[in-house]
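I opened my notebook to record what I looked up in this structure. My entries follow in the order I made them.

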Amino acid sequence: MHNRQLAQTGHGVIDKTLTARRWWRDAVIYQVYVRSFLDSTGDGIGDLAGVRAGLPYLKKLGVDGIWLSPCYPSPQHDHGYDVADYCDVDPLFGDLAEFDLLMAAARRLGIKVLLDIVPNHCSSEHPWFREALASAPGSAARARFHFADGRGPDGAEPPNNWHAMFGGPAWTRVTEADGRPGQWYLHMFTPEQPDWNWRNPEVGAEFDRILRFWLDRGVDGFRIDVAAGLFKHPDLPDSPDPEADARTRDSVNPLAWNQPEVHDVWRHWRSVCDAYTERDGHDRLLVGEVSVPTAREHAQYVRSDELHQAFFFDLLGAPWNADAFRKVISEAMQDIAGTGSTVTWVLNNHDQVRTVTRYGEPATEGSGLGAARARAAALLMLALPGAAYIYQGEELGLPEVVDLPDDVLTDPIFRRTGSRARIRDGCRVPLPWSGQASPFGFTSGVEGAKPWLPQPDYFAEYATDRALADTRSFWHLYRDGLQLRAQLPQLGEGTLRWLDAAPGVLAFERGDGLVCAVNFGTAPTPAPVSGTPLLSSGPCHAGVLPGSTAAWWMSDGSTL
């Protein structure tokens, strides 16, 4: 159970309404994985009408905005991250008219909308790539991508030794118009996702058009996929560790990622967004998926004239350990907040094992330890300075679905490697909304409708109708945390000060007297503040901080 008291405090209750400018600095954004959110048509795949139907639920939860996973026309080889047309909506999800209805409904509720944009690669079905395949080597059409002659006899070997992140070589050979084996093209993910050549000005000009198309339709910004990508080393040399990306499932190859020229793109995109802001005073947000080795390199992407924010994944990747969390948070505050941006915290997303499972331990399976730690981590994240992103189902405490049978898996990592290691289907299973059996209200009332990934029977315990009715649920913890975050001036944007604490306990103060403490151990310790907490992730009596628990207090003992 978490505790919440509703008396007014002498520190005041301030409704921190997000201003038109700078709304993003401490916003809480909910990631909507569209195909798994809510299905309005009964085909088993979530859609934009389903997202629109779910907006009141998200408003009640208290988020400031939503980020929509790609819903552009796509062959769906990588669930929409292989884009065939950047300026339309895939019929799976609706159409542009439905998108406009969603935008209007979100605007009425005061919910910002971010689109996922994919500038590093497109679909092999994109018209420009199809034109490139039909054109000759050296043509202008091929110059928009990375086409190169092979090495070895008859060019039968790839141009370099790079491997794709999803397994296998990063190059695929094409058959030329005369039927002979020809050049190779680069794809750092799957062969169905050829990489754009951003050294060709036509590519940048095309993405200018795409940005303006969606900004003119009213979107509040973009989540940028693979934001440290785009440029490759101009000579495309061999890598000393060609399988590093596939081994880590991360952007590790320094020849393929984090090239210096990428920063010019973000400066230009920032100028485009700033021009829209100057017209009406409403900030358009650019938040990047930036995976780089250090917080200092991360900070380069959020300088004042580049991206507004970039996801700080180090917190997501930190082990359940007080020292590890403190190190990650301290580095972020020092290097990223120092740029004038704010840190963008995240604990879950569509590519990672959910916290409930990630923080659990096999020897204690069924004990609830993973869930207790996930609840504590949520309160910690919501107490940190900056912005926070919540992945759908996180607010329900959904665990990873780890036992999906091989024949239903759709992740291209599995298709490419045959390995279940680090596959992502388990965090993408459609949400349970109501009822005791699949589809748990996810699909419409069409008889026999089945979700695109099967939901386990135990999802009944996590359905939203049950979560809303149970004040002890994850949902109420998130909702209460978001309410306090919106009301208390100590939370949101700002700084933090570390407090002395017992071993295994992380404690810090925000602003004028708001204290957050997390006990990473399993045994109770003395609380850093006397009195009953404002909010706690589990039962928490005055003077004691139980194991695997986080709590918020006012340091003078006042309550809210």
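Entry 1: I began with Trp 171, which stands opposite Leu 186 in β6. The model is predicted, so I read each position as a prediction. Next I looked up Thr 175, and its bridge partner in β6 is Pro 181. I then checked the two strands as a pair. β5 and β6 (residues 181-186) run antiparallel, with 4 bridges between them. Together they make a hairpin, and 5 residues lie between the strands. In the turn I found Gly 179 with a positive phi of about 90°.

Entry 2: Strands of a sheet pair through backbone hydrogen bonds, either parallel or antiparallel.

I then checked β7 (residues 221-224) and β8 (residues 285-288). These two run parallel and are joined by 4 bridges. Gly 221 has Leu 285 in β8 as its bridge partner.

Entry 3: Are the residues of β2 (residues 65-68) buried or exposed? All are buried. Gly 65 and Trp 67 point one way, while Ile 66 and Leu 68 point the other way.

On one side I looked at β1 (residues 28-32). β1 and β2 pair in the parallel sense over 4 bridges. Ile 29 has Gly 65 in β2 as its bridge partner. With helix α1 (residues 48-61), these strands make a right-handed β-α-β unit.

Then I turned to β3 (residues 112-117). β2 and β3 are also parallel, over 4 bridges. The bridge partner of Leu 68 in β3 is Leu 115. From β2 the chain crosses through helix α2 (residues 96-109) to β3, and this crossover is right-handed.

**Entry 4: helix α14.** α14 covers residues 474-487, which makes 14 residues. From first C-alpha to last it reaches 20 Å, close to the 20 Å expected at 1.5 Å a residue. How many of its residues are buried? The number is 11 of 14, so I counted a residue as buried under 20% relative accessible area. The buried ones include Phe 474, Trp 475, Leu 477 and Arg 485.

**Entry 5: aromatic pairs.** The count comes to 33 aromatic pairs. I looked up two. The ring centres of Tyr 57 and Trp 475 are 6.3 Å apart and the planes are at 35°, so this pair is tilted. Tyr 57 lies in α1 and Trp 475 in α14, so the pair ties together parts 418 residues apart in sequence. Both Tyr 57 and Trp 475 are buried.

Why is the pair of Phe 99 and Trp 214 edge-to-face? The ring centres are 5.0 Å apart, and the planes are at 70°, which is over 60. Phe 99 is in α2 and Trp 214 in helix α4 (residues 201-216), 115 residues apart. Phe 99 and Trp 214 are both buried.

Technical notes: Residues are numbered from 1 along each chain as its sequence is written. This is a predicted model: local features need pLDDT of at least 70, side-chain atom pairs count only at pLDDT 80 or more; totals for chains, interfaces and linings use all residues. Side-chain values use heavy atoms; hydrogens and water are left out. The expected span of a helix is 1.5 Å times one less than its number of residues. Buried means under 20% relative accessible area, exposed over 50%, partly exposed in between (1.4 Å probe, protein chains only). Two strands pair if DSSP finds at least two bridges between them. A crossover is right-handed if, with the strands pointing away from the viewer, the path from the first strand over the helix to the second runs clockwise. Rings of Phe, Tyr and Trp (its six-membered ring) pair if their centres lie within 6.5 Å; planes under 30 degrees apart count as stacked, over 60 as edge-to-face and the rest as tilted.
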